[in-house]
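Thanks, everyone. I have a few local features to go through, and I will take them one at a time. Please have the structure open while I talk.

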Amino acid sequence: MESRQRDPAGCLPLTPALFHVLLSLVDGQKHGYAILKEVAERSDGSVALSTGTLYGIIKRLLADGLITQSALGSTDRRNAYRLTAFGRKVALGEAERLESLLRTARVKKLIPGTGGA
Amino acid sequence: MRPSSRPERWFRALLGLFPAEFRGDFGDEMAADFRDQRDAAASTGRRTRVARVWLRTVADFARRAPLEHLDVLGRDVGFAIRVLRRRPALAVTAIFTVAVAVGLNASVFSVVNAVLLRSLPIEDSDQLVRIFEVSPAPDSELQGASSANFVDWAARTRTLDAMTLVGGDDLTLLGSGDPERILAMEVSDGFFKVFPTQPRAGRLFTADEAQQPARTASGRRAQARSILLSHDLWLRRFGGRSDVIGTTVRVQRFGPDETLEVIGVLEPDFAGRDLLPWGRAEAWLVGAPDVGQRRARYLNAFGRLAPGASLHSAQAEFDVIAGQLGAAYPKENGGYGVRLAPLLDTIVKDVRRQLWFLFGAAFCVLLIGCANLANLLIAHESTYRPDLATRLALGASRARLLRQSVTQSVTLAVLGGGVGLLMAILTVPTLVAAAPPGIPRLDEVHTDVGVVAFTIVVSLLAGVGCGLTAHFSLGRLERQTSSRLYGADRRSGGRRLRRIIAVAEIAIALVLAVAAGLMVQTFRAVAALPLGYDPAQVIAVGLAPGESWNRRKNELEAGILDRVAALPGVRSAGIGTRPLSPGGFGTSIEVPGRGAPEVSISVDPVTPGFLEALGAHLAKGRFFDQTDTANAAPRSAVLNEAAVRLLWPGGDAVGRFIRFDEREVQIVGVLADVRRGELETAPAPTVYVPSSQTQTFRVNNLLIRTVGDPKAVIPAVRAAIRGLDPTLALTRIETLDETLHQARAPRRFMMQLAGIFSILALALAMLGIYGVAAGSVIERVPEIGIRMTCGATTGHVVGIVARQVAWIVGPGILIGVTGAAALSGTIAGLVFGVKPTDPATYLTACVSLMAAALAACAFPARRAAAIDPVVALREG
């Protein structure tokens, strides 16, 4: 309820690890190991989360209302997590923030071969 | 992962690094995810993959777990602050209590740390030793070193790699401006090896300069050609000018004026300036020790242990050397030993006991403060008992509740400790300024990192201890049924413990009150000591005559006294040693015609008028007068009663003769013993002789008894003496009342500090009693209501409260008296003129505590008496 009134910009910017976790939940609910695997595969192993960091992030995302535990898909030992509407807005906000930065980098010709906007 | 598999057990053990709450929320999931990670790595068949998973996990846990703990701590502190904001009275009382207790301890620790614990600000200062000679048994008294023995030690020792011999002399700086008297150190070669330093300007002594003898063959002091200045003196007298190096200054010591070359200025904080017991040196002269002086043991010898040598091995070596020198010079050294002591010990030995006593007293206040905090928290926790039991029932762990209790207590203690530290920072300069002279190293006292660390540790320990006590006073929350939680048992939670704590507070406060009482008695005993003279309206003026008066001592003395005695407002004046100052060497005295061995008695030359100005009490005969001239025969002497008791026990002395320095003198008078050295030392046997009949040139001190304010005559005295000799420096102008005030200052200071500590302890203990009494009144409202309905009077109700307090105060006083008596051996060394088990002091302390306890329970008793039985029964 509360998330509807909150401004997603208040949560930005996100740390890369946190954004990776949110991104992995964009296409549906997952449990911890699935998140770890997806983040590792998507980043070609450059972002290798361990369980301590992952659940530290999950604890914070739960407390901030960006994700929620999903009854569906949870087993006796594992919870599945999914994005809340607010979490999705925050992830979108971060993506837009990064895109805007990228645009600027292109205009400044920092990224070679891509030309101006 | 099978539950019993080894990797799972290892992983679960690693999970222990995280807070219990985090483990509870995510531990199973983390274990399952780790198993999947590990299985995936194992399925590749490469063990390095599995090892990498482990490594990454361990590194990750090491990084994350502390952050999770911090997160929990942050939330607990936030929770504690929210709770405490709802209970401002509790919070303020607790913080105030801790602030007072910790602040006091931090202040005293600042002093103890700087004076006793911190090493001296000298390179490798733990290698420094002071070397004493020990007089033959049975006296075995520590004495200074003789210069000839020092030279022999230096030649023979292998365990000390540097040694130096240090003497002190007053020296008058002449030249431009008023003559100024300063304390100079005369040091031997090696001084700056024992006490290394770099000069601020110029250079230190060279080996050549150090080789010239301190005295010439004729016995006259040789010209010391070089002088080093202290930084203070350089700034004060020479304006800090660098061109002063290489110039000469004219000074006057015992002999003729000397011209010295200023070769350097030492660092402002040079620790070697504070080695002499009678003050801070402002200049340094160098000379070779006098190899002809083996008997005069008054110089200060210092050494530096060689690498690999210990105090023990050095002492063993010096025992051997002392034996050799005893055999070589049996007349001078027979029976004498040598004692080595760590330098720091010798500097602080006179104050060590007092400072540890104050630290102990401050610690007692801390204990009472902690007891109060614990009592407040027990009362506070017991009101939250149902709340806690509910949370426990809803799944919170006991560890979590304990953690919150302790966090709350630590938050209070740390806040209180912070305020206490501020108080210490503010009060330490005042404490140092108020301290009596004679406490070494006071200028090194400040609230440094050590004091901050001490405060933090003390606050944390107090917080954790009180938090644990308060939480465990709740008992077993798990087994309580709701009816017991909300019923009578809620009230008894910690009640007994609170009483026990209050009893302990009373006991500790009583011990402190007894100690403070003994300090008061000690001060009164010191103040009531018979002085043997009348200090009122007497002023002492130090004199430093120049070389032109050598061999004209009598003329100088007569000139000064004629002029001063004629001044308006002067009743009498004389020259001699002022009371309560060191001086007077023992001289061997015999009674002519008696075969008995010589005895050592202090000989004190004084002019006519001196004993009158001092206000000494004449017991028999007369004081000196104008007939006691240099050539009078027989020569005369006045003895004090101690000397009469020694020479003619029970007999009369006036008219008899004594013999010393190869001449006979007749006793013309006897005076009551005058306390002329240490205030608390019994007066030594003393022979007063007319100054005109002695050879010593020691015109050092003028004593003037006045009609009105003694300081009012000083301008006239100054002018009169200027008329005689404009270069004659007047120093150390002080009334005898002021001297006495200074001499009593250490005892007064101890009395005041012990008094303050005791009052603080009493105030905190009262707060504790008040808390327990008020709490018990609230608990017993229904009971009191019933009693009042059944006809109990107000007096009866007040009696209930008073009885309750009596059950705290009674055992507290009993334990306190026992404790104080047990500590009487420790305190015996700190008191004077009163027995450490003085019944009157104990009684006063007990009565004060009872009065304080009565005052503390007055308000709760009034509240109990004002209970309306109808309201009480309805609410109960």
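Pro13(A) sits in the loop between helix H1 (2-5) and helix H2 (16-24) of chain A. Keep in mind that this is a predicted model. The peptide bond that joins Leu12(A) to Pro13(A) is cis, and its omega is about -10 degrees.

Chain B has a cis bond to show you as well: the one from Ala633(B) to Pro634(B), with omega near -10 degrees. To find Pro634(B), go to the loop between strand E16 (618-621) and strand E17 (635-640) of chain B.

Next, backbone phi. Lys109(A) has a phi near 55 degrees, which is a positive value in a residue other than glycine. Look for Lys109(A) in the segment after helix H5 (85-107) of chain A. Is Lys109(A) buried or exposed? Its relative accessibility is 61%, and the cut-off for exposed is over 50%, so Lys109(A) counts as exposed.

In chain B, Asp124(B) also has a positive phi without being a glycine; the value is near 45 degrees. Asp124(B) is placed in the loop between helix H4 (88-117) and strand E1 (128-134) of chain B. Its relative accessible area is 47%.

Now the charges. Which residues form the positive surface patch in chain B? They are Arg46(B), Arg49(B), Arg52(B) and Arg56(B).

I will take two of these arginines in turn. Arg46(B) is in the loop between helix H2 (20-43) and H3 of chain B. Arg52(B) belongs to helix H3 itself, residues 47-86 of chain B. Arg46(B) has a relative accessible area of 47% and is partly exposed. Arg52(B) is partly exposed too, at 48%. A patch residue needs over 30% relative accessible area, so Arg46(B), at 47%, clears that cut-off. Arg52(B), at 48%, clears it as well.

One distance, while we are at Arg46(B). How far apart are the C-alpha atoms of Arg46(B) and Leu120(B)? The separation is 62 Å, for two residues that are 74 residues apart along the chain.

To go back over the places to look: the cis bonds are at Leu12(A) to Pro13(A) and at Ala633(B) to Pro634(B). The positive phi values are at Lys109(A) and at Asp124(B). The positive patch includes Arg46(B) and Arg52(B).

How values were computed. Residues numbered from 1 in each chain as written. Chains lettered and ligands numbered in written order. Predicted model: local features only at pLDDT ≥ 70, side-chain atom pairs only at ≥ 80, totals over all residues. Heavy atoms only, no water. Patch = residues over 30% accessible without salt bridge, like charges linked within 9 Å, V, L, I, M, F, W, Y side chains within 5 Å. Areas by Shrake-Rupley, 256 points an atom, 1.4 Å probe, with all protein chains shown as cover. Salt bridge = Lys/Arg side-chain N within 4 Å of Asp/Glu carboxyl O. Lys, Arg positive; Asp, Glu negative; His and termini not counted. Charge placed at Lys NZ, Arg CZ, Asp CG, Glu CD. Helix = DSSP H or I, 4+ residues; strand = E, 2+ residues; numbered from the N terminus. Buried < 20%, exposed > 50% of the residue type's maximum accessible area, 1.4 Å probe, protein only.
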